[in-house]
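Trainee: Hi! Could you walk me through this one before I set anything up?
Mentor: Happy to. Let's open it together.

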Amino acid sequence: MRTVKILAGVVGGIIVLIAAGLLAVWLLVNPNDYRARIAAAVEESTGRDLQLKGDIKLSVFPWVALQLGPASLGNPPGFQEEPFLAFNHAAVRVQLLPLLAKRLEFDRIELDGLDLRLRKNAQGTGNWENFGRTPKSATLQSAESQPGAPLLQLAGISVTNGRVSYPGLVVEKFTLETGAFGGHGVTPISLAFGANRGVAGESVTVNAKFDLGADSAMKQWRLEAVNLSGLLSRPGVDRPAQWEISAPAIEVDLAGRTFGVPAFAVSYSSARLTGKLQATKILDDLEMTGSVTLMPLVLREFAPRLGIAVPRTRDPRAFAQLSASSDFAYGASGVRLEQMQAQLDDTHLKGSVALAGEPRAVKFELTVDQIDLDRYLSDDHGAATALPKVAAESAQSTGKPEDSAQTAEASRMPDADGTLSVGSLHFSPLDFSNVRLTLASKAGVLHLFPSLAQIDGGSYSGNITIDHRGATPVLSIDEHLSGVDMSRLLASTSYKGRLSGHGNVNVKAAARGAALDAVMQSLNGHFDANLAGGALEGIDLGYELRQAEALIKHEAQPARSNPPRTRFDAVKMSAQITNGVAKTSDLTISSAVLRVTGQGSANLVSKGIDFQMLASVLQSPGATLADVPLKITGTYVDPTVRPDVEALAKGQLKQKLLDVLKKNGLEGLFGK
């Protein structure tokens, strides 16, 4: 019993001595007297200037507590004379008794008015790099990071009124509140801030909440009930849109180098995305797999939220619904989208896309069931959007020479290899079916072969090559149309209503240029056509023959037929194309009552035509004319047909001479 009393007295005496010592420290030690020493120690270890502008307050019971007034930490040499970090108030408290037992157990750490300014110098080094990296600190950090090192006991962290800035980005009104850290418990964490890039009308707010669980010995971290939300404002958009990211759990295993999100959801305005993600090798060669699904959304309403103006279309219901889903994989070999499915209105797409290989190349295999392109044309019957000017046109209009190498590099397509199949496609007035395009692009050369389709009972096959390796693109085509309805084929072009009939058309040519005019001006190759059972609209060769006959007989001009039309059983021709001018010498138009042969040229750039024709009436009561010369000039959009009076007069004179010679038995005098 006496021993117990002695021990109790000893312990009590020790406690009294400690209390007396702490009281003496509190009464006799003024921490403000050590400002210079603290600043010197910080500068020695970090190379930065510490400014302690406010009072330093120290308390020792029941906590060892330190409070600082306004303070700032400067930048390292080579940066501007502005603080790297500043704050208005900071407080930290450590429990006394565990400290005597060589254990650190913190109460809340509080920081108010944090102002962190992140900058880079002319060499690209950040002012946050190598912060406090002395050999001693590196050793301590290494020891603390060893597996099995327990987390410090910390009751929580509170940051209020924070600000972080970086050129082009500012984070303001930053707040952070956490629960207790340590052991194997779960720490609730919440933070909030606003951010902007200095763009008028653009900003984002973030509110985040999650529970953090950590096993420092195993280097495993788990975030539960993750929820991030806020508002995003965009220039030109009336009101901010709400966004949200949520996940039941996020698991990070640094020892196993894995990262997993079994399920997540992302929403922005009316768009909602769901999926899952699993990652491995997160500290070196990252690999990821997962899936993602875009829930149906009204694209016309959602696109303006992204700053995209959806054009007015012929069908106001176009761009109504968009949805998609896909599995994905990412790794050192590239990225792949598998089991991809998408729906735009009534059109369904499925297939796969990959960006893989070295150098990276696009590989794809896509199938579309059906699409009506007319729905997506503008309501003024033009294209929904204007084509951008190519570099050549831009340089021509500005008068500035273009950098040939730079232009070629900019226009070069990435390497690609794949097929696109379309079940049916409507592009007024044509209906395509069984469309199949095979694309291969490598080292700046794009090859579309084979290109196959059925067109209104006819067929199309083509071989197109575009070579971007030089400063000016080179185009090569080998196109074939068989059994095609020409009136429907030309209905959406400037030749609309000029030609009808079914037939075959073949074109093999090459050209150079980035703009359409340049391509047409440099076009060289061969063209041939064989049409049957149609008509030339806007041209009435029968009327022109009757007019020629009336001219010869000095009779009244015949009445015009309305509309002017020349029906034919067959039209055949071939042409050689040189620098955008097609020349033919074997044009033949034939029907049961008419035969026309001719030659001439058509300028594919100016649309000008110049043809000399010989027309003969085969069966027509009272007809006496044969080989009537005609001239066709103007443009193939607005042609002019008239008898060739000069040639006609020469023909009449020759015929009269032959008649006289025959009458006198001298018909063989000048030969045939």
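Trainee: What does the pLDDT average over the protein chain, and what share of residues score at least 70?
Mentor: This is a predicted model, and its protein chain has an average pLDDT of 81, with 78% of the residues scoring at least 70.

Trainee: And where is the pLDDT below 50?
Mentor: One such stretch is residues 2-28, where the pLDDT is below 50 and the model has 8 contacts beyond near neighbours in sequence. Residues 147-151 also have a pLDDT below 50, and that stretch makes 10 contacts beyond near neighbours in sequence.

Trainee: Okay, the overall build. How many helices and strands are there in the protein chain?
Mentor: The protein chain has 34 strands and 11 helices. Of its 672 residues, 32% are buried. Its accessible surface is about 39500 Å², and carbon and sulfur atoms account for 59% of that.

Trainee: What share of the contacts with a separation of 6 or more joins residues 24 or more positions apart?
Mentor: That share is 46% in the protein chain.

Trainee: Now the inside. Which residues touch the most other members of the largest nonpolar core?
Mentor: That core has 58 residues, and the ones touching the most other members are L499, L541, F568, I589, V596 and M613. Another core lies apart from it, with 15 residues, including I189, A195, V226 and I250.

Trainee: What is I589 in contact with, leaving aside neighbours within four places in sequence?
Mentor: I589 contacts L536, F568, A570, V571, L594, R595, V596 and M613. As a general point, nonpolar side chains in soluble globular proteins tend to be buried together.

Trainee: Switching topic: how far apart are the end C-alpha atoms of helix α2?
Mentor: They are 16 Å apart. Helix α2 covers residues 35-46, so at 1.5 Å a residue its 12 residues should span 16 Å, which agrees. Just after α2, G47 has a positive phi of about 75°.

Trainee: Which residues does P76 touch, not counting those up to four places away in sequence?
Mentor: P76 touches that G47, along with R48 and N127. You'll find P76 in the loop between β4 (71-74) and β5 (83-87).

Trainee: Is P76 buried or exposed?
Mentor: P76 is buried, because its relative accessible area is 17% and the cut-off for buried is under 20%.

Trainee: Last one: how far apart are P76 and E129 in sequence and in space?
Mentor: P76 and E129 are 53 residues apart in sequence, and their C-alpha atoms are 9.8 Å apart in space.

Note on methods:
Residues are numbered from 1 along each chain as its sequence is written. This is a predicted model: local features need pLDDT of at least 70, side-chain atom pairs count only at pLDDT 80 or more; totals for chains, interfaces and linings use all residues. Side-chain values use heavy atoms; hydrogens and water are left out. Helices (H or I, at least four residues) and strands (E, at least two) are DSSP runs, numbered from the N terminus. The expected span of a helix is 1.5 Å times one less than its number of residues. A nonpolar core is a set of buried Ala, Val, Leu, Ile, Met, Phe, Trp, Tyr and Cys residues joined through side-chain atoms within 4.5 Å. Buried means under 20% relative accessible area, exposed over 50%, partly exposed in between (1.4 Å probe, protein chains only). Contact means heavy atoms within 4.5 Å. Accessible areas come from the Shrake-Rupley method with a 1.4 Å probe; for residues, only the protein chains shown count as cover. pLDDT is the predictor's confidence in each residue, from 0 to 100.
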